[in-house]
Amino acid sequence: MLQRLFSLLLIVLLIQPIHALADAPEGYPFVSFDQAMAKSQRESKLLFVYFGRYGCGYCEKTNREAFIDAAVRQRYSKNYALAYVDAESGRRLRLPSGERIAERDLGTRYNALVTPVFTFLNTDGELIHRMVGVQRIEDLIDADNKIQAALSKAKQQ
Amino acid sequence: MQILTIVLLWLVPASILHAAPWQFEHAVNVAGVESSTTHKIFHHLDSSGRRNIAASTLGVAVAWEDDRDVTPRIYLAFKPNTEDSFKYAVQISGEGEAYEPSLVALANNRFVVAWEENSQIFSRMVEFKGELRLGPTSQLNKGTAAHVSLVQHMGHLFALWSERTGRYGQIRSQRLSVNTNGTLEPGINCPIDKVPPTDEQLYPTGVITDNRLVVAWEDRRPKHTIIMAATELQGGHCRYSEPIRISEKPESRNLPYGTGHGVSRVALGRFGSDGVFAAWADKRDFRDGYDIWGANFSLSQGGFGTNEKVQDDFGGLSKQRHATVGGHAKGMLVVAWDDEREGNADIMLSWRENGEWSEDWPLPVASDAGQQSNPSIALDSEGNLHIAWVERNAIGATTRLKYAFGKLHTDPGL
């Protein structure tokens, strides 16, 4: 009986993030923006924010053709605090300033006028780099290379 | 001379050239409590259907959420027509986290507020008799719910919300009646679409026309967001028509990926004897982001008609959101939203004028420097326009809650 209950709980826990995250690529530790920002500050990592939309075609294309790549998954999972924002969702977020904001308004604030938009943010949420529309494997690898090179250079100075 | 005329026309703001039916003098603060250096306050006007303001015969009320004591709570402020400021204010919600209040006016200077608190739906009446008097709180549901919207017309009162049914939200309606002691008595409660939800149904709102409730909401069952609607069947008793899709699928869009374009947050308004208009943010021109679109409802034709673009084309490449609809029994119909075509967020209006949507008009008292957003509008019995919005100096800054009164001075030419 206890084993059955545990299995049921496990299924619920496994299903819930998929439902909550809508179109985030599978196999990545994407979490909500406020959770990712807390992680970013805690671990001194940059944020990588994926602004998507439920049913977004170019998000699906990028998921299937670029995020599917093992090297992309390894790099992004390791190097960044990953946030997925559904630009139509009313999900409530709490920013470090104390402000409550809905995901869709966060999308507007970061100019996610079309989807997908991918942004690299520093631990204060300030924009470092932004990529709009469909991305290929080489685009994501190239962006990561540039960001990591800039970080290494900054550390050396 | 011709060149001089062109230069002068270019220098004169568009808002002066384009005569609006309403004359606005100045904006006033709604909430007396503002941020200090040690405590930041953020106000939210974000009810489902954008019903945060309501006008009675003697005054106007605004309901909102803010976090002045850290926990988000619901407040209401009232301004009698005879006074210039909102000096009467009261906390509406209880001790829990409360969000997204919806507000309607009843006769005799009474208002009803409904809100979400600890993921359940509550409502109470507020009456102004020289001071604000609060009625008892009524809990409207037991399950996990959000996005409540109130509907009122000629003494009929309904609450609509999205309630978890299994994994997904399902839109439910509940008739409310007002007892003589000011208690709101919940009546029949039922789902609008009785089919168990297979994806999210969110952010409902409604209007009553020809004694029937018309409900519209966001629906994710096609695996992208569309706007759907249903109409109460004759005789009422919580029976509704089959839901129909309002937001149209754009022609010649057949991409190999994705399921469809996005839409966001429908608002409904009544106008004329039986007119109903729905407005929402729509991403069918997907390279431009969301634009404000809408559709007319006709009971005799069984639903909503062809979609029409409410905003003009000058805002095509900028952000529009938070559409709110106001209507009047004489036929006036106006839509407001926030719009970034001038760089900052401003409040923009468009109204029906000789059967067409007017040019977009930046509200003079809400289109200056800084950010003005999240409008909610109401037309009073005289056709005057009452509008509340959220103002901040810069993106991310603390907020102020503002109100302006627009005196009707010309017939919009229906």
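What is the mean pLDDT of chain A, and what percentage of its residues reach 70 or more? In this predicted model, the mean pLDDT of chain A is 87, and 86% of the residues of the chain reach 70 or more. Among the elements of chain A, helix α4(A) has the highest mean pLDDT, 98, whereas helix α1 (residues 2-21) has the lowest, 41. Over residues 5-22 of chain A the pLDDT is below 50, and beyond near neighbours in sequence this stretch has six contacts in the model. Where pLDDT is low, the predicted coordinates should not be read in detail.

Chain A contains six helices and six strands, and their order along the sequence is α-α-β-α-α-β-β-β-α-β-β-α. Of the 157 residues in chain A, 39% count as buried. When the contacts of chain A with a separation of 6 or more are considered, 70% of them are accounted for by residues 24 or more positions apart.

Helix α4 (residues 70-79) of chain A packs with helix α6 (residues 137-156) of chain A at an angle of about 35 degrees, and the axes of the two helices are 10 Å apart. The crossing of α4(A) and α6(A) is left-handed. On the side of α4(A), the residues that meet the other helix are A:Ala71, A:Val72, A:Arg75, A:Tyr76 and A:Asn79, while α6(A) brings A:Ile137, A:Leu140, A:Ile141, A:Asp144 and A:Gln148. By class, this contact of α4(A) with α6(A) has six nonpolar residues, two polar residues and two charged residues.

Helix α3(A) has several buried residues, namely A:Gly57, A:Tyr58, A:Cys59, A:Glu60, A:Thr62, A:Asn63 and A:Phe67. The buried residues of α3(A) pack against β1 (46-52) and α4 of chain A.

In soluble globular proteins, nonpolar side chains tend to be buried together. The largest nonpolar core in the model has 110 residues, and those that touch the most other members are B:Ala61, B:Val113, B:Ala159, B:Val215, B:Ala216, B:Ala278 and B:Ala279. Strand β21 (residues 275-282) of chain B gives the most to this core, with six residues. Leaving aside residues up to four places away in sequence, B:Ala279 touches B:Ala267, B:Ile292, B:Gly294, B:Val310, B:Ala323, B:Val325 and B:Val335. A second, separate core of 30 residues includes A:Met37, A:Tyr76, A:Leu82 and A:Ala83; A:Tyr76 is also one of the residues of α4(A) that meet α6(A).

Elsewhere in chain B, B:Pro256 is placed in the loop between β19 (244-245) and β20 (263-271). B:Pro256 counts as exposed because 7 C-beta neighbours lie inside 10 Å, and the cut-off for an exposed residue is 12 or fewer. The C-alpha atom of B:Pro256 is separated by 47 Å from that of B:Pro21, and the two residues are 235 residues apart along the chain.

Methods:
Residues numbered from 1 in each chain as written. Chains lettered and ligands numbered in written order. Predicted model: local features only at pLDDT ≥ 70, side-chain atom pairs only at ≥ 80, totals over all residues. Axes fitted to C-alpha atoms, helices over the stretch in contact; angles between N-to-C directions. Helix = DSSP H or I, 4+ residues; strand = E, 2+ residues; numbered from the N terminus. Left-handed = near helix turned anticlockwise from the far one by under 90°. Contact = placed C-beta atoms within 7 Å. Nonpolar A, V, L, I, M, F, W, Y, C, P; charged D, E, K, R; others polar. Buried ≥ 20, exposed ≤ 12 C-beta atoms within 10 Å, placed from the backbone. pLDDT = per-residue confidence, 0-100. Core = buried A, V, L, I, M, F, W, Y, C linked by C-beta atoms within 7 Å.
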